[in-house]
Amino acid sequence: MNPIKNEFALTFVPNRRAQIRPAPGVQAAVDGALARYHGVRGALLPVLHAVQEQLGYVPEDAVNVIAKALNLSRAEVHGVITFYHDFREQPAGKHVIKMCRAEACQAMGAEHLIAHAERVLGVKLGETSADGSVTLEAIYCLGNCACSPAALVNGELVGRITPDRFDDVVSGLYALGHHNEVAA
Amino acid sequence: MSQNTNELVVYVPCDSAAISVGANKVATAIAIEASKRGRHVRIIRNGSRGMLWLEPLVEVATPSGRIGYGPVTPADIGPMFDSGAFSNDPEHEPTDVLCIGLVDEHPYLKNQERLTFARVGITDPLSLDDYIAHDGYKGLHNSLSLSGTDIVTQVTDSGLRGRGGAAFPTGIKWKTVLNTPSAQKYIVCNADEGDSGTFADRMIMEGDPFVLIEGMTIAGIAVGATYGYLYVRSEYPYAIRTLNAAISMARQHGYLGNNVLGSGKAFDLEVRVGAGAYICGEETSLLESLEGKRGVVRAKPPLPAIQGLFGQPTVINNVISLASVPIIMDKGAAYYRDYGMGRSRGTLPFQLAGNLKQGGLVERAFGLTLRDLLYTYGGGSASGKPIRAVQVGGPLGAYIPESQFDVPLDYEAYIGINAMVGHGGLVAFDDSVDMAHMARYAMEFCAIESCGKCTPCRIGSTRGVEVLDKIIAARADGQDAAQVKLLRDLCDTMLAGSLCALGGMVPYPVMSAINHFPEDFGSAVRRAA
């Protein structure tokens with residue numbers, strides 16, 4: 001008999017988060033991603049990309065399932081999600097505008113353009129508008145440095161942006177109301 | 001083949017820089033206008049020629065060569081049809097204002113030495129036939145009849161050094177992997193081109209993906225690696241699509257797989273997508289990321305060549321390094337080595353960016369000067385104001401003042417002025433630039449992108465921002481000498497004490513800004529303490 005009383009064993013309650021059952025949509029997206037990369041070495045990034053592509057973000061209830069399937073701890077998965085700028089823990093706005101603020105774009109007035117964008121959209125860099133219509137973010141180099149300033153608008157690259165051209169792009173987004181259309 | 005005299009071949013680039021300024025809309029407009037007028041026009045989506053200020057650059061094939069027009073907007077297409085621009089009649093004299101004449105004769109292109117970029121802008125990037133018709137896969141054919149040691153010797157003799165920035169001799173890296181016995185070795189291509197002012201990797205991946213695939217295949221055959229990973233940053237969605245399409249074509253045609261061109265040797269590869277972390281351009285951090293982990297830098301040794309991806313011997317090279325191998329294996333080491341100066345052999349695709357009239361890609365042998373690039377090619381600043389500072393080599397490269405514009409672009413000469421050639425990107429700033437602001441930005445960028453493993457980089461960068469804020473706040477009354485001294489000490493610590501080049505080199509832009517442009521940090525020394 002062990003004379004030492006293991007209080008921890010008596011009082012241990014598994015972490016609530018470890019028991020979260022994912023919402024059905026989340027479960028389906030995660031299952032799809034895991035099936036697609038089954039047996040691939042170093043699959044975590046591709047899996048997270050696939051989940052985010054489906055859902056627009058990596059929800060908290062996906063973490064546990066991914067961790068289990070890849071034989072990782074939740075901390076490891078959480079660590080990767082938070083390390084990389086691309087992965088979101090919250091859904092983004094309907095439209096996502098990423099403005100480049102690296103040196104080449106700065107040399108062509110990116111800081112002024114970003115200030116203009118913040119005024120037009122009514123949000124600061126890193127924020128999503130209250131109605132969820134747009135997320136404005138900074139990005140560091142899009143490899144379009146000879147056509148600066150540049151931005152990524154719903155995944156489409158836009159170059160030589162003036163404030164007027166920015167306004168055109170934005171009004172194009174709101175008028176069309178769907179993704180992948182950029183007024184160039 | 002019977003030539004339809006009515007059919008006209010027109011080139012509109014599919015390079016993402018061209019698309020970012022409307023190339024897709026221009027291509028659509030040409031197709032619509034042609035069908036309206038009952039004309040047969042075949043539109044080929046080529047890579048970009050690298051004259052990016054002219055994008056979208058439309059080229060019309062004529063018997064005397066390709067005639068260029070740019071920058072073209074969809075609204076120009078109707079008038080261009082009216083003026084006869086879309087004609088392959090050799091007698092036709094182009095009158096359109098956008099006409100730049102024969103593209104190959106344009107001084108910007110004519111005065112280049114295009115080895116690595118020989119095909120970019122000329123061919124259809126996703127046509128394997130085009131690639132082969134323009135000397136593609138000759139290097140691989142030659143390599144397949146050679147031993148691994150012979151290939152490595154060729155690459156070593158060519159003098160090729162890592163084009164990602166560190167300039168380590170490529171052949172020596174390969175030799176280490178070749179001589180490290182292992183059941184599994186890997187080739188990893190570092191396509192995490194995160195440096196501002198650089199886009200050569202992207203242009204190769206979008207404009208000539210097969211050359212990179214061929215280069216990786218040769219590397220695999222040389223060192224005995226059967227699998228490769230192309231780690232591409234997520235900011236390059238077009239490059240990712242092009243590479244994936246090219247890889248499946250190469251596989252279909254026997255250029256990749258278990259039996260490369262019937263040689264009995266195996267090599268295959270896949271694209272892996274980064275996730276927006278600048279640090280993953282550092283080779284050990286990239287390997288961590290490929291393994292599915294946080295992109296935290298590894299201590300060296302062990303070198304990746306001995307214990308790299310999944311603990312196996314790994315060649316990890318930049319896109320341009322690997323894409324330069326096919327021409328070396330095609331034309332021989334001496335052909336490549338004959339370009340360049342000193343210990344910087346061959347050519348470097350320089351990338352002209354920022355505030356320049358004629359931004360773009362200029363591939364030249366080492367040894368030309370910044371002044372040449374900025375004025376002869378770049379045409380001076382876009383704003384018309386004097387060029388005050390040029391950052392060479394990305395966000396960790398030094399700011400070069402005009403007094404140093406005549407130093408030859410050569411790895412060693414640049415080290416001699418406490419600068420670096422790096423990946424060959426240069427970002428020009430006119431005289432409206434605030435160099436204290438740029439120094440602060442360098443520290444801020446380092447703080448955002450630091451992986452957090454070593455203290456000098458993780459904490460030093462944040463302290464650097466704070467010190468620069470104090471200097472900027474005080475500068476109206478003169479230079480805050482105590483804070484400037486603190487900044488110099490901090491840079492010294494980061495330079496000597498950081499684990500990798502991020503923390504170790506961010507002092508270059510900061511110190512060059514303060515050394516060459518002290519007036520932006522407060523003109524006179526205000527107080528000692």
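In the loop between strand S4 (65-69) and helix H3 (74-82) of chain B lies B:Pro71. The model is a predicted one, with an ipTM of 0.93 and a pTM of 0.94. For chain B the mean pLDDT is 95, and 98% of the residues reach 70 or more. A cis bond also joins B:Glu55 and B:Pro56, where omega is about -5°. B:Pro56 sits in the loop between strand S2 (41-44) and strand S3 (58-62) of chain B.

Two loop residues of chain B have backbone angles worth checking. B:Tyr137, between helix H5 (128-133) and helix H6 (138-144) of chain B, has a phi near 65°, a positive value in a residue other than glycine. With 22 other C-beta atoms within 10 Å, B:Tyr137 counts as buried, because the threshold for that class is 20 or more. B:Leu261 is not a glycine either, and its phi is positive at about 50°. It belongs to the loop between helix H11 (237-252) and S8 of chain B. B:Leu261 has 16 other C-beta atoms within 10 Å and is therefore partly exposed.

The domain assignment divides chain B into domain 1 (8-110), domain 2 (128-337), domain 3 (340-430) and domain 4 (435-527). The centres of domain 1 and domain 2 of chain B, taken over C-alpha atoms, are 34 Å apart. Their contact involves seven residues from domain 1 of chain B and six residues from domain 2 of chain B. On the domain 1 side of chain B, the residues are two nonpolar, four polar and one charged.

Next comes a sheet in chain B. Its five strands form an open sheet in the order S13-S12-S16-S14-S15, with mixed pairing. Strand S13 (360-365) and S15 of chain B are at the edges with a single partner strand each, so one side of each has no neighbour in the sheet. On average, neighbouring strands of this sheet are turned by 30° against each other, direction ignored.

The pairings can be followed strand by strand. S12(B) and S16(B) run parallel and are joined by four bridges; one of the residue pairs here is B:Gly354 with B:Ala428 of S16(B). Strand S16 (residues 425-430) of chain B also pairs with S14(B), in the antiparallel sense and over five bridges. B:Val392 has B:Leu426 in S16(B) as its bridge partner. S14(B) pairs with strand S15 (residues 399-401) of chain B as well, again antiparallel, over three bridges. There, the bridge partner of B:Ala389 is B:Pro401 in S15(B). The hairpin of S14(B) and S15(B) has six residues between the strands, and B:Gly393 in this hairpin takes a positive phi near 95°.

Strand S14 (residues 387-392) of chain B has six of its six residues buried, so it is largely enclosed by the rest of the structure. Helix H21 (residues 507-516) of chain B lies across S14 and S15 of chain B, at about 25° to S15(B).

Helix H12(B) is mostly covered, as eight of its eight residues are buried. Among them are B:Glu283, B:Leu286, B:Leu287, B:Glu288 and B:Leu290. These buried residues of H12(B) pack against strand S6 (186-191), strand S7 (227-232), strand S8 (268-273) and strand S9 (314-318) of chain B, and also against helix H4 (44-55) of chain A. Just after H12(B), B:Gly292 has a positive phi of about 90°.

Chain A itself has nine helices and five strands. Along the sequence they follow the pattern α-α-α-α-α-α-β-α-α-β-β-β-β-α. The domain assignment of chain A gives domain 1 (7-83) and domain 2 (95-176), and the centres of these two domains of chain A, taken over C-alpha atoms, are 32 Å apart. Of the 184 residues in chain A, 38% are buried. Among contacts in chain A with a separation of 6 or more, 57% are between residues 24 or more positions apart.

How values were computed: Residues are numbered from 1 along each chain as its sequence is written. Chains are lettered from A and ligands numbered from 1 in the order in which they are written. This is a predicted model: local features need pLDDT of at least 70, side-chain atom pairs count only at pLDDT 80 or more; totals for chains, interfaces and linings use all residues. A residue is buried if 20 or more other C-beta atoms lie within 10 Å of its own, exposed if 12 or fewer, and partly exposed in between; C-beta atoms are placed from the backbone. Two strands pair if DSSP finds at least two bridges between them. Domain bounds come from an automatic or database domain assignment. Two residues are in contact if their C-beta atoms, placed from the backbone, lie within 7 Å. Axes are lines fitted to C-alpha atoms, for helices over the stretch in contact, and angles run from 0 to 180 degrees between N-to-C directions. Ala, Val, Leu, Ile, Met, Phe, Trp, Tyr, Cys and Pro count as nonpolar, Asp, Glu, Lys and Arg as charged, and the others, Gly among them, as polar. pLDDT is the predictor's confidence in each residue, from 0 to 100.
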